[in-house]
Amino acid sequence: MQANQVYIDALKNKGIVIHKIKDKWVELNRVSTRKAVLADSLFLRFMDESITRIGGKFSKDFIILKFDYDAEYKINGGEPQKIKKDNLRTYYYTNGVTFTSEVKDTKKRKQAKEEERCHPIHYKMLMRSPGKAKDGECVFIREDLHHKAINFLTMGLYDLMDEQAKQNPDKIFKIVELSAYLTLTTASANGYIRIPWNRILVVPDEEVYSKPQKSVIVSNKSVPYTYEEKEFFIHFDDFHIEELINKKGFTFDKDKAINENLKYIEKTKEALKDNGIRWNGNYGHSEITKKEEIRQECDAKYVSDERVKNILWDGMGLIDESIFPKNMNGFIYCRSHFFKSCLFRGNIQEFFRDYCAENGIDYNSFTTEKIDLFGRKLSLSNIDVVITDKSLKWLKFVDVMGGTQKEAFKFYKNYMKEHDNWFTIVKTAHPSKWGDMQLMAYQMNNSLPTTDEEILSRIAGDSVDYIKELKKTTDTAYLQYLNQKKNNFNINEVMLALVKWNSDFRRTAFFRDKKTKDISKLKNEYFKQGRLLQNGDNLTVMGNPIALLMKAVGANPLDEGIFEMETDAIQCYTARFKDGARMAAFRSPHNSPNNILHFHNVYSDKLSKYFANLGRNVIVINMIGTDVQARASGMDEDTDFVYTTNQPDLAELARKAYINYPTIINGVAEKGNSSYHFRLEDFAQMDNQIAAAQQSIGTSTDIAQLALSYYYDEGMDEGIDGEELKKCFVILSVIGQISIDLAKKEFDIDVVNEINRIKRLLCMSGKDIPEFFANTKKSRNNKEFEENKIRSMNCPMDIIARNIDSRVVGQAMGVTRLPISKFLNNNIRGKGNKYKWKKFIEASEVYNRSIKYIEQHKTQYTKNSYIDLKMDCMSHFLNCTNNNLDQETVMLLVKYAFSNNNSDVCQTILNFLYMNNRDKFLNCFVKK
């Protein structure tokens, strides 16, 4: 729910309240709410016994507040008042929120009185909603559950910090890091695994540098900034002002305050603001004054001797095959208390035995006291998992957990043991839904360093050929497409079943219309907008695993000897492509040709032996002596992935980009010390800054795409603004990185100001909008641009879109269309059950409205929450309808679905009938 609505709703006891929506003043009838999903997680399992559920699943113990809008309102027709969204966050973080849900506390009929079934609950701020910092969401919990919840999430660090803050209110705390990592146990679970800490070896990670190379360093510099500010001066001596504030219970006169029981305030704007008095322009005047301040701006400097740093195993680890879950593939991404690590499967113990045999070491007596980060004497033969310090987020709080790493580890180990050493498995490897193909993104295509139409035509070739195959009258490719894209929420499986039931169903207008719409959507909303199909996939990144095993036995990891250095490529290994393959790779966020990776696939006997089961969706990248992490915008190895393809033109363009567009180094300074105290006001200030900055992730990408488009359209390096435009998308690449990292650390740059500065530059302002960009923003964000400002440019994406238009013309090839009535089974007659029929249709309409709302707000949910909400709608539909429908009622519903006026619910009705009454549904059609 929106915080501004909650605030305004609470004012209704003061009179008639109206609030502002855009340019209109309206009454707030009720606070708009929607259900949110708390997915299965370590946190939810811990809290399970304390949570009160209503009707099995629903609970009022949690609410989520969004801080998207200011609260603008009038009470009883008075002066407009306004509280900014940042101040709303501060207010609710500090005071909590009291809210009365419309959902009844119980469904028992005996409790007939409404006030006994819906009562106000007071909530306290618990955490920034996981993964939703950019949307400004925050989870609040019922007050009496807060202490239990917050101390589970923080392993008791919350109470320890709170006690230290009471003793020393001026002490600075790492609340940015605390807020970022306390949500790790709330991660949605795909499974769980228990691993005792005496079977986990922890080694320090390795920082490795490349040889001196060409790079472009983006750093911040101090720049004097002059700006004009309009300031309003109130005429405090005007007697009308005294009269007006008297009506609100205030006065500027001390004697009057005593005699007339008014509150005395000083004649300052701050005093008016602090007492909730908003002023208009009737009693004062405005002056424009020039002001100066020192701001931080980014600059890009090209150098030839930069040594680029990689952190070899940043966020990854290794897990032995003996304990790797049978139903998982390649890796398991695990989270627990202040812990996250992508654990790749491998024959760890086999390596240890081989190493000991080759070096004359007794395998059974080998211990790790000189290797383990905490000096633990672990037996090599008992180690199931190897990780580095980068997976242990609690190391940032050693000062609170005992003062030394060893003491802090004891604290952590005991806490984990108390909770049975459970880890959530968040994700594992999975192949593309497009078979051997995978979709690119327009950001990748528009960064390709070419405007050669023949090259770009070949790059679009697989997508064009795919559409041409779909259009064929045999429908073979289209039926395969339906099978690849089927799920519980579309009608694809129904279509396939009906074609299998009667192959002539392909000739119905219903089938042909769906095929035409699907192909049109693929062409216009996918391929023309840069989501091109290529032979490739999203491959999860793994860094030098043999080196990590060598580190685990005390050997020098830099002597791994698996990969070699190349001048125009980075060596890697993946079973997805053949030995010797050349590949292009891209990691999101992707803003520049300087981010394009060129890989050379090199098979290795050691990798094949000890990591035989990594599968086709993992890529081992050489981190030793390369620039890969910086080039991939600060990539790490805790499930970061790269889109990788061996399409020849893309691979060659990637090679050229690797040579001609130097790797970008993020040299923007981090703030040395946090500036936050352990106060709720500081938590609010922090989250306000993060929410504002996180919006910049998408904005920086958008502005970078415009800079790239102008760069190519104006002749690349030969263009009049070529160098300046290059500097723009280089800086924006770093701004994108910083915007993401602001949820965990602070930098000496205001990303919002920096983006706005770049937008105002002469090389960027006042120019047309590339056609692909306008179309993409319209279809995905419903954003409109002026028609006379949109132009098809000489940039890669617009060239590709024009090429697809010229090669894919017309609709799918013609087939004589047959009416659906010819396929209905006329032997089924009867009135059916009108009550069940009507209830099924009503449930379909409710389901459609709910799904439409979820789709419209899709970007507000995590992937798992999005699916869970849709599944919840499906469950609600099934609960509202009787699955035991007779044949005649099923036929009535089928006929209703296919009638001309019911296209809005047609697919929903058919899908659920097929799902729950399959035999009766198919029997409604003539079998062939």
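**Figure 1. M716 in the loop between α23 and α24.** M716 is placed in the loop that joins α23 to α24 (722-741), helices and strands being DSSP runs (H or I, at least four residues, for helices; E, at least two, for strands) numbered from the N terminus. The model is predicted, so local features need pLDDT of at least 70 and side-chain atom pairs count only at pLDDT 80 or more, whereas totals for chains, interfaces and linings use all residues. Residues are numbered from 1 along each chain as its sequence is written, and side-chain values use heavy atoms, with hydrogens and water left out. Although M716 is not a glycine, its phi is positive, at about 55°. Most residues other than glycine have a negative phi, and most peptide bonds are trans. M716 counts as buried because its relative accessibility is 18%; buried means under 20% relative accessible area, exposed over 50%, and partly exposed in between (1.4 Å probe, protein chains only).

**Figure 2. Backbone features in two loops between strands.** N76 lies in the loop between β6 (71-75) and β7 (81-83). N76, which is not a glycine, has a positive phi of about 55°. In the loop between β27 (582-586) and β28 (597-601) lies P589. The peptide bond from S588 to P589 is cis, with omega near 0°.

**Figure 3. The crossing of helices α15 and α16.** Two packed helices are described by the angle between their axes and the distance between the axes. The axes of α15 (residues 461-471) and α16 (residues 476-485) come within 7 Å and cross at roughly 110°. Axes are lines fitted to C-alpha atoms, for helices over the stretch in contact, and angles run from 0 to 180 degrees between N-to-C directions. The two helices, α15 and α16, are therefore roughly perpendicular to each other (65 to 115 degrees; under 35 counts as roughly parallel, over 145 as roughly antiparallel and the rest as oblique). On the α15 side, Y466, E469 and L470 meet A477, Y478, Y481 and Q484 of α16, contact meaning heavy atoms within 4.5 Å. The residues of this contact of α15 with α16 divide into 5 nonpolar, 1 polar and 1 charged; Ala, Val, Leu, Ile, Met, Phe, Trp, Tyr, Cys and Pro count as nonpolar, Asp, Glu, Lys and Arg as charged, and the others, Gly among them, as polar.

Figure 4. In α17 (residues 492-501), 7 of the 10 residues are buried, among them M495, L498 and W501. The buried residues of α17 pack against α16, α18, α31 and α32. In α30, 9 of 12 residues are buried, including M891, L893 and F898. These buried residues of α30 pack against α18 (509-527), α28 (834-856), α31 (903-916) and α32 (918-923).

Figure 5. T776 is in helix α26 (residues 771-781) and counts as buried, at 2% relative accessibility. Not counting residues up to four places away in sequence, T776 touches Y442, Q529 and N781. D687 belongs to helix α23 (residues 680-713) and is buried, with a relative accessible area of 4%. Its neighbours within four places in sequence aside, D687 is in contact with R89, Y93 and R128.

**Figure 6. Surroundings of the cysteine C906.** The structure holds 0 disulfides, a disulfide being a pair of cysteine sulfur atoms within 2.5 Å. C906 is in no disulfide, and the nearest cysteine sulfur, that of C924, is 13 Å away. C906 is buried, with a relative accessible area of 5%.
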